[in-house]
Amino acid sequence: MEDKTKDQAEILANRLQKRFRHLKKWAQRTGAGAFRLYDKDIPEIPLVLDFYGDCSKTNEAALSGALYKRPYEKDEAEEENWLSAMKESASNALGIPLDRIFLKQRLRQRGDAQYEKISQTHFEKIITEGGLSFKVNLSDYLDTGIFPDRRLLRNIVRSESADKKMLNLFSYTSSFSVYAAFGGALSTDSVDLSNTYLNWSRENFSLNGMSSSILQQWDFFSGNSSAANKLIRADVVEFLEKAIQAKMKWDVIVLDPPAFSNSKKMNENFDLNRDLLILLGNCLKLLSPDGKIYVSINVQRSAFSVQEIETEFHNQYAADIQVTDLENKIRDEDFKDRKIPKTFLITEK
């Protein structure tokens, strides 16, 4: 191992041990079974690492993360050697076996790349959060099935869902819906195009002792299911249009879209910067009186702000909405001084 890589491995080990000591008691106290341990804390070590499992049993825990795209080209073999050194450093620092540490390449993704399989290892694990259980896959996809930076937002949704009808758009593995159902929602409707993630969502409901049904869009609008928790395979944009035509209403709407998608399953490509206000406009048409929309904007170069959304919405729709920035309410201990998606609560004035 060359001296520079050896030095960086030692620096990383020290940083991980310090962060783990800081977060361990907090994670055990709050029940955070997945949390952000490292996120390019040291610029020369451009990794993101998330911890999964029980902090008191690190030999049974796991790490999943990625190498951010470097601003320069690096020899592939040299990069592999560097990554191996960082994995070994993390393993030694935390007592996590090497075969339970998974690092991928986090490139600037477009389309469905972040959801495509990159491995067939099938390293799956059940983690707990907020008294609930969720399946994660740490090896096969860039994302693992749950986003630690939405943890407190999930809890807010749970606290707002009692006796409410909840709609979850771009639902992924439906963690928001599981939280809402556990919080006493009358119903949850989760919309996503991926059969893989709808089946994964059904597993998440089952892990928490709740049933759910996977439906095609036409079955949902035909009323062919009385299930309380529906998992609907549909293009979100088309689903919203049909729901407006059917004059449907929900009390709580969660909108957590990708930055961009050009999935072949969609009628048209989707660009969050371009399409957000259209999505919000359609969501508002489906919102019950006194209802709430929670929107998460995960775009690195987004200019969206409270004032901009309110102003643009008024200009385009001649309607008044109130936008509340939730950043301070959803920034948990492991994301202090770290970037998180812009998150807003939207209600009608």
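Helices (H or I, at least four residues) and strands (E, at least two) are DSSP runs, numbered from the N terminus. By that rule, E2 sits in the segment before α1. This is a predicted model: local features need pLDDT of at least 70, side-chain atom pairs count only at pLDDT 80 or more, and totals for chains, interfaces and linings use all residues. Residues are numbered from 1 along each chain as its sequence is written, and side-chain values use heavy atoms, with hydrogens and water left out.

**Overall build**
- The protein has 10 helices and 16 strands.
- Its C-alpha atoms fill a box of roughly 65 × 45 × 35 Å along the principal axes.
- Of the 349 residues, 54% are buried.
- Buried means under 20% relative accessible area, exposed over 50%, and partly exposed in between (1.4 Å probe, protein chains only).

**Helix α4**
- Among the buried residues are F176, V178 and Y179.
- G184 follows α4 and has a positive phi, near 95°.

- Side chains of opposite charge can pair when their charged atoms come close.
- The whole structure holds 17 salt bridges, each a side-chain nitrogen of Lys or Arg within 4 Å of a carboxyl oxygen of Asp or Glu.
- R151 pairs with E129, with the closest N and O atoms 3.9 Å apart.
- This pair links helix α3 (residues 151–160) to strand β5 (residues 124–129), 22 residues apart.
- R151 is buried at 6% relative accessible area, and E129 is buried at 1%.
- R151 also forms a salt bridge with D332 (3.0 Å, N to O).
- D332 lies in the loop between α10 and β16 (342–348), 181 residues from R151.
- D332 is buried too.
- Shared partners join E129, R151, R154, D332 and D334 into one network.

**Negative surface patch**
- E2, D3, D7, E10, D75, E76, E78 and E80 gather in a patch of negative charge on the surface.
- Helices α1 (3–30) and α2 (76–94) each give two or more residues to this patch.
- Patch residues have over 30% relative accessible area and no salt bridge, with like charges joined within 9 Å.
- E2 is partly exposed, at 45% relative accessibility.

Methods:
Patches are made of residues with over 30% relative accessible area and no salt bridge: like charges are joined within 9 Å, nonpolar side chains (Val, Leu, Ile, Met, Phe, Trp, Tyr) within 5 Å. Accessible areas come from the Shrake-Rupley method with a 1.4 Å probe; for residues, only the protein chains shown count as cover. Lys and Arg count as positive and Asp and Glu as negative; His and the chain ends are not counted. The place of a charge is taken as NZ of Lys, CZ of Arg, CG of Asp or CD of Glu.
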